[in-house]
Amino acid sequence: SKLQADELVIGSERRKPYHPDHLVFNTVQNRTDLYVLPRPDGVVPSPAERSVAPAAPKPAAKPAAKPAAKPAAKPATKPAAGEGGAEAVLREYLVAAAEREQKGQCVSALEILHKVLDVVPQNCNALAAIARIWTKAGKMDRAAVFADRLEAAIPDDPTSSISMHQELGQIYLEMERHEPSLEQFKLGLQKATAIYDASNPILDELKVKIGRVLYLSLIHIS
């Protein structure tokens, strides 16, 4: 049968040996033993005994869960619009094409360069690279197409055009087109003289190339 609370004797002090009727619960945390036994008939618990009964232990509080760490942000696979956008992508393409050209992977380099021209048909760096690759391959007719396109695309701004005049002059020279080669080197020298000091080595480089073209032209004529 069920026992009411008043019919039980509850104690919490540690006492050994225990009475055979005691039902003992060991409580390790407060170093006491909780024991329970039936109260003899007719005996009413005193108020002091009522207060002896220990309260049920509260479960230990669980540690607060740590907020989940956010995964590290992955680097953007495409440049943001504020960082150059399409121009940054084109630069990456040109660098990749140059690396393949240096490794002798000219077919792969040409594929990349033509993708650049699909976006910017007058891109001087791509046109120069394609003309240079075809010249080295001995395909002068194909090289001439892109060399002529490069000549028409070179801007008037000296800072960005001097290197293109040099590049195109060298391509024409390797194609044995001495007159247009000489013209490109002279244009480069003219623009370089306008913005650089006389001691700048680029001026001497262009003068040497002009002299070489003149020398080869004389040999060719003779």
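A salt bridge is taken here as a side-chain nitrogen of Lys or Arg within 4 Å of a carboxyl oxygen of Asp or Glu. By that criterion the structure holds four salt bridges. The model is a predicted one, in which local features need pLDDT of at least 70 and side-chain atom pairs count only at pLDDT 80 or more, while totals for chains, interfaces and linings use all residues. Residues are numbered from 1 along each chain as its sequence is written, and side-chain values use heavy atoms, with hydrogens and water left out.

**The whole chain**

Begin with the protein chain in a cartoon view. Eight helices and three strands are present, where helices (H or I, at least four residues) and strands (E, at least two) are DSSP runs numbered from the N terminus. Along the sequence their order is β-β-β-α-α-α-α-α-α-α-α.

Next, display the surface. The chain exposes about 15,700 Å², of which carbon and sulfur atoms supply 57%; accessible areas come from the Shrake-Rupley method with a 1.4 Å probe, and for residues only the protein chains shown count as cover. Of the 222 residues, 30% count as buried. Buried means under 20% relative accessible area, exposed over 50%, and partly exposed in between (1.4 Å probe, protein chains only).

**Glu101 and its partners**

Select Glu101, Arg132, Lys136 and Glu167, which are linked in a network of salt bridges. Arg132 and Glu101 meet through their side chains at 2.9 Å, N to O. This pair links distant parts of the chain, with Arg132 in helix α4 and Glu101 in helix α2 (residues 86–102), 31 residues apart. The side chains of Lys136 and Glu101 form another salt bridge, at 3.7 Å, N to O. Here again distant parts are linked: Lys136 belongs to helix α4 and Glu101 to helix α2, 35 residues apart.

Glu101 is buried because its relative accessible area is 14%. Arg132, at 21%, counts as partly exposed, whereas Lys136, at 60%, is exposed.

**Helix α5**

Move to residues 140–153. The 14 residues of helix α5 should span 20 Å at 1.5 Å a residue, and the end C-alpha atoms are 20 Å apart, which agrees; the expected span is 1.5 Å times one less than the number of residues. Show the side chains of Ala143, Ala144, Phe146, Ala147, Leu150 and Ala153, which are buried in α5. An α-helix has 3.6 residues a turn, so residues three or four places apart point the same way. The buried residues of α5 pack against α3 (106–119), α4 (124–136) and α6 (158–174).

Centre the view on Ala153, which is buried with a relative accessible area of 16%. Leaving aside neighbours within four places in sequence, Ala153 is in contact (heavy atoms within 4.5 Å) with Gln122, Cys124 and Leu127. Ala153 and Gln122 are 31 residues apart in sequence but 5.7 Å apart in space, C-alpha to C-alpha.

Asp148 lies in helix α5 and Arg177 in the loop between α6 and α7, so the pair ties together parts 29 residues apart in sequence.

**Last stops**

Select Ser181 in helix α7 (residues 178–195). Ser181 is buried, with a relative accessible area of 0%. Residues up to four places away in sequence not counted, Ser181 touches Gly169, Tyr172, Leu173 and Val213.

Finally, select the cysteines Cys106, partly exposed at 30% relative accessibility, and Cys124, buried at 13%. A search of the whole structure finds zero disulfides (pairs of cysteine sulfur atoms within 2.5 Å).
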